[in-house]
Amino acid sequence: MSDWRPKLVVSDLDGTLLRGDETISDATLAELGRWAADGVPLVLATGRPPRWMLGVRERLGGGTAVCCNGAVLLDLTQFEVVAEWPLEPPVLAEITGELRRRQPATWFAVEYGDQFRHEPVYQPRWDVDAPGVAVATLEEMVARPVAKLLARHEDLPRDAFVDLVTEVVGDRATVTNSSSDALAEISARGVTKATGLARVAAARGVGPEDVVYFGDMPNDVPAFDWVREGGGRAVAMAHAHPEVLAAATDVTESNDEDGVAVFLAGLRA
């Protein structure tokens, strides 16, 4: 595959395209610009909601983003949601009720895309005092469809908690994780970064064999599988979670070492 070239560059944000200080380096922007000039666009695939994408939009200038782990497609240029696949209230009520019974110290939050609500005991790590963020009861939160349900536990280890949530949820929804905390991210059944990416790629007439995808956390694994099994390149960052490294076709430098740009430059060499 020494002469292989992608038709679509896809990247996760946190821990991948973004450095530890949440910036995108000039070197990375320049490399992405060279590919764009050759007709190879960038698509973002992130667990972030649309309301967290304004700064990224300012830096990149536009494009397309698969947000909320595949539940929302966002046109960054116009900054408008073009499609959604939410979790519906009956499923939300079932899942939260069963998780609360199994682990009473599980606390919940919901992501609507433009708004964030959390139980009083839930301790947000981000968004503290930010616009659109407010406290709500569980009953209020699950009364309407959500882009993402978040379940957090302050005492259990991350992997043990995510495994428990996965067991309880079963086939009613999709569970993943993208942080070092005991935080499970729950989306509608079958919704992953891979499903969102597949829709974006198909709309552009691109198959997985023509995609290079960069990521670092378990929520990237479905997209890695889709790209790898289709003949494309699934590139893990050097510091990636073991599940991501196991699913990768390639490994690049860390995000703070501009790993995305390093790998893309190598394809051009």
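This is a predicted model: local features need pLDDT of at least 70, side-chain atom pairs count only at pLDDT 80 or more; totals for chains, interfaces and linings use all residues.

Biologist: Which are the edge strands of the open sheet of 6 strands?

Modeller: Strands (E, at least two residues) and helices (H or I, at least four residues) are DSSP runs, numbered from the N terminus. Two strands pair if DSSP finds at least two bridges between them. The order in this open sheet is β8-β7-β6-β9-β11-β10, with mixed pairing. Two of these strands pair on one side only, and they are β8 (133–135) and β10 (173–176).

Biologist: Which residue in β9 is the bridge partner of Ala109?

Modeller: Strand β6 (residues 107–111) and strand β9 (residues 148–152) run antiparallel and are joined by 5 bridges. The partner of Ala109 in β9 is Leu150.

Biologist: At about what angle does helix α6 run to β11?

Modeller: Axes are lines fitted to C-alpha atoms, for helices over the stretch in contact (heavy atoms within 4.5 Å). Angles run from 0 to 180 degrees between N-to-C directions. Helix α6 (residues 158–169) lies across β9, β10 and β11 (183–188), and its angle to β11 is about 30 degrees.

Biologist: Is strand β12 largely enclosed or open?

Modeller: Buried means under 20% relative accessible area, exposed over 50%, and partly exposed in between (1.4 Å probe, protein chains only). Val211, Tyr213 and Gly215 point one way from β12, whereas Val212 and Phe214 point the other way. Because 5 of the 5 residues of β12 are buried, the strand is largely enclosed.

Biologist: Which residue of β12 stands opposite Val10?

Modeller: Strand β1 (residues 8–11) pairs with β12 in the parallel sense over 4 bridges. Opposite Val10 stands Tyr213.

Biologist: Which residue in β13 is the bridge partner of Gly215?

Modeller: Strand β12 (residues 211–215) also runs parallel to β13, and 4 bridges join the two. Within this pairing, Phe214 stands opposite Val235. The partner of Gly215 in β13 is Ala236.

Biologist: How many residues does the largest nonpolar core have?

Modeller: A nonpolar core is a set of buried Ala, Val, Leu, Ile, Met, Phe, Trp, Tyr and Cys residues joined through side-chain atoms within 4.5 Å. Leu44, Met53, Ile186 and Leu264 have the most contacts inside the largest one, and α6 gives its largest share, 6 residues. Apart from it lies another core, of 23 residues, among them Val43, Leu197, Val211 and Ala236. The size of the largest core is 57 residues.

Biologist: How many disulfides does the structure hold?

Modeller: A disulfide is a pair of cysteine sulfur atoms within 2.5 Å. The cysteine sulfur nearest to that of Cys67 belongs to Cys68 and is 6.1 Å away, and Cys67 is in no disulfide. Cys67 is buried, with a relative accessible area of 0%, and Cys68 counts as buried at 0% relative accessibility. The number of disulfides in the structure is 0.

Biologist: Is Leu245 buried or partly exposed?

Modeller: Leu245 has its place in helix α9. Leaving aside residues up to four places away in sequence, Leu245 touches Ala236, Met237, Ala240 and Val251. Because its relative accessibility is 34%, Leu245 counts as partly exposed.

Biologist: What separation is found between the C-alpha atoms of Leu245 and Gly215?

Modeller: Along the chain, Leu245 and Gly215 are 30 residues apart. Between their C-alpha atoms, the separation is 9.5 Å.

Notes
Residues are numbered from 1 along each chain as its sequence is written. Side-chain values use heavy atoms; hydrogens and water are left out.
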